[in-house]
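Student: I would like to go through this model by question and answer. Please give the cut-offs as the terms come up.

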Amino acid sequence: MELQESPRSPAATKQLFWFFGIATAVKLLLIPSYHSTDLEVHRHWLAITHSLPLSQWYYDETSEWTLDYPPFFAYFERFLSVFANLIDPRIVHLHHGLNYKANSAIYFQRISVIVSDLFLLYGVYISTRNLPSLKRNLVWVLVIWSPGLLIVDHLHFQYNGFLFGWLLLSISFLAQGKDLMGGFLFAVLLCFKHLFAVAAPVYFVYLLRHYCRGGLVRGFARLSAIGAVVVAVFAAAYGPFVYHGQIQQVIRRMFPFGRGLCHAYWAPNFWVFYIMLDKGTAFLLRKVGFNIPAPVASFTGGLVGDASPFAVLPRITPMTTFIMVLLALSPCLFKTWRDPRPRLIARSVAYAYTCGFLFGWHVHEKASLHISIPLALVAVESLEDAKHYFLLSIVSCYSLFPLLYEVQEYPIKVLLLLLHTILTWFCFSALFAKNEATKGTLEVDKKTTQSESKGTSRTGVEKQRFELGWVAKSYLLGVVVVEIWGQFLHPYLLGDKLPFLPLMLVSMYCAIGIMYSWIWQLKSIIILS
């Protein structure tokens with residue numbers, strides 16, 4: 001039997017910091033590279049929370065980048081603004097700091113994201129401390145070296161790693177049977193970023209059935225306890241704004257449904273197919289003589305319309321997407337109600353975010369990280385989980401490519417995806433080769449006949465080897481074809497014609513992969529016993 005290194009040993013901790021150190025070195029090298037308008041968004045939030053009293057935070061309109069995250073994230077920005085003011089007071093000046101792009105501002109914000117990733121490091125450590133060394137190291141590779149997180153947080157610019165630390169901690173405590181702490185951490189997370197609320201129904205059903213069981217009296221006492229914890233967290237976050245009579249304004253900022261069904265860059269979800277069906281149907285009807293007026297907002301141009309108009313198909317409302325998300329999530333909720341097991345919670349949470357990604361309102365490509373990060377904990381459980389994660393992680397990362405549209409960043413995103421693909425392939429291959437070696441040793445100990453033992457070993461190796469089927473290989477080859485067309489052939493053959501086509505192909509092709517992942521996850525949740 002293989003001797004496993006203790007996950008809490010100094011050597012394991014040192015190894016974890018080596019993983020984080022390598023990732024940090026890459027992030028530091030990326031500081032001068034492209035950043036999106038989100039960098040100015042968060043700089044302005046530093047200025048709002050530093051320059052204005054709390055009662056004006058959610059009313060300020062000095063810039064178009066108004067504060068629209070929950071209060072805990074506003075408090076987090078207020079905390080960072082103290083250090084920003086020490087480095088360069090103009091960073092946090094409400095008026096003079098508008099569109100401030102000095103190196104002091106860029107370096108401070110970039111480094112603040114890197115430092116906040118320490119919380120992701122802690123979340124990964126807690127989530128993997130009871131795993132065997134090989135599986136633990138693999139999860140570290142998948143999360144700490146996630147190419148999607150590098151692209152979104154350290155190029156495009158956001159603070160997702162910090163938030164995923166909270167999510168991983170919450171899932172980890174639930175998996176360990178510490179339901180009250182898991183629920184508390186999830187409530188805190190919701191007060192940092194409300195988009196994580198898609199998994200709230202899973203948490204509610206799971207805690208109600210797993211934590212609040214044990215008879216009427218005990219169940220009611222535990223329900224009261226978890227309810228008091230959640231109320232206390234939300235009171236700490238929203239209480240000051242309730243006191244100032246601003247809760248409606250806060251909610252209005254957090255849920256701007258007027259933004260339209262789709263983001264300016266289409267997320268690869270179900271609504272891509274709906275939009276294209278509407279466009280195709282309208283085009284055919286016009287060809288046969290029907291007078292079909294073109295909608296004011298143009299999905300193919302990447303613009304966001306207030307009414308999410310369609311030429312032929314029924315208009316989609318926020319309530320429609322809400323109902324569809326709940327319908328897609330309902331099998332998982334029924335399963336959780338009947339069989340609330342801690343070891344399935346990571347799967348259920350990831351599936352909930354997949355439903356929200358596919359059918360939600362105004363979904364951004366960045367939300368695919370909500371699927372891939374928690375599924376990293378599941379990927380090491382079985383060969384089929386590993387194959388699914390390998391495909392999903394590539395699709396998720398590739399769907400983020402349109403975020404980095406400048407020429408100088410193209411080699412970076414391609415290299416990140418290639419390195420991730422090669423590294424995860426070899427890691428998964430090593431993991432299941434190791435599992436098979438251990439299995440072979442156990443077979444010998446059974447004292448079966450030599451011929452039976454060899455036959456079993458050969459069959460086991462054939463079944464356990466990490467290898468994709470021809471369908472998955474063909475799909476991944478299609479990713480290469482789509483990228484070659486959009487990056488090289490389309491500009492050469494069509495020039496400036498149909499500028500939306502490359503983005504549309506990326507969205508539609510990645511949407512096929514995400515749809516497959518949704519079906520695969522649902523199947524795995526239902527059939528697992």
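Student: How many of the 11 residues of H5 are buried?

Tutor: This is a predicted model, in which local features need pLDDT of at least 70, side-chain atom pairs count only at pLDDT 80 or more, and totals for chains, interfaces and linings use all residues. Residues are numbered from 1 along each chain as its sequence is written, and side-chain values use heavy atoms, with hydrogens and water left out. Buried means under 20% relative accessible area, exposed over 50%, and partly exposed in between (1.4 Å probe, protein chains only). H5 is largely enclosed by the rest of the structure, because the number of its residues that are buried is 8 of 11.

Student: Which helices do the buried residues of H5 pack against?

Tutor: Helices (H or I, at least four residues) and strands (E, at least two) are DSSP runs, numbered from the N terminus. The buried residues of H5 are Leu120, Leu121, Gly123, Val124, Tyr125, Ile126, Ser127 and Thr128. With contact meaning heavy atoms within 4.5 Å, their packing partners are H1, H4, helix H6 (133–144), helix H7 (147–157), helix H8 (160–175) and helix H16 (369–378).

Student: How many helices and strands does the chain have, and what percentage of its residues is buried?

Tutor: The DSSP runs come to 21 helices and 0 strands. Of the contacts in the chain with a separation of 6 or more, 77% are between residues 24 or more positions apart. Among the 529 residues in the chain, the buried share is 52%.

Student: Which residue forms a salt bridge with aspartate 117, and how far apart in sequence are the parts that the pair ties together?

Tutor: A salt bridge is a side-chain nitrogen of Lys or Arg within 4 Å of a carboxyl oxygen of Asp or Glu. The partner of aspartate 117 is lysine 27, with the closest N and O atoms 2.8 Å apart. Aspartate 117 is in the loop between helix H4 (103–116) and helix H5 (118–128), and lysine 27 is in helix H1 (residues 10–29), so the pair ties together parts separated in sequence by 90 residues.

Student: Are aspartate 117 and lysine 27 buried or exposed?

Tutor: Aspartate 117 has a relative accessible area of 3%, so it counts as buried. Lysine 27 is at 6% relative accessibility, so the term for lysine 27 is also buried.

Student: Which residues are joined with Arg347 into one network of salt bridges?

Tutor: Arginine 347 pairs with aspartate 385, the closest N and O atoms being 2.6 Å apart. Arginine 347 is buried at 6% relative accessibility, and aspartate 385 is buried at 4%. Through salt bridges that share partners, Arg347 is joined into one network with Glu381 and Asp385.

Student: Which residues is tyrosine 206 in contact with, leaving aside its neighbours within four places in sequence?

Tutor: Tyrosine 206 lies in helix H10 (residues 200–211) and is buried at 1% relative accessibility. Its C-alpha atom is separated by 8.9 Å from that of aspartate 339, 133 residues apart along the chain. Beyond those neighbours, the contacts of tyrosine 206 are Leu174, Asp179, Tyr211, Thr336, Pro340, Arg341, Pro342 and Ile345.

Student: Which helix gives the most to the lining of the second largest pocket?

Tutor: On a 1 Å grid over the protein atoms alone, a pocket is an open set of points where a 1.4 Å probe fits, with protein on both sides within 12 Å along at least five of seven lines; lining residues have an atom within 4 Å of a point. The second largest pocket is lined by 18 residues, of which Pro402, Tyr405, Gly486, Gln487 and Pro502 lie nearest its centre. Helix H18 (410–445), H20 and helix H21 (501–527) each supply at least two lining residues. The helix that gives the most, with 5 residues, is H20.

Student: Where is histidine 362, and what is its phi?

Tutor: Histidine 362 is in the loop between H15 and H16. It is buried, with a relative accessible area of 16%. Although histidine 362 is not a glycine, its phi is positive, at about 55°.
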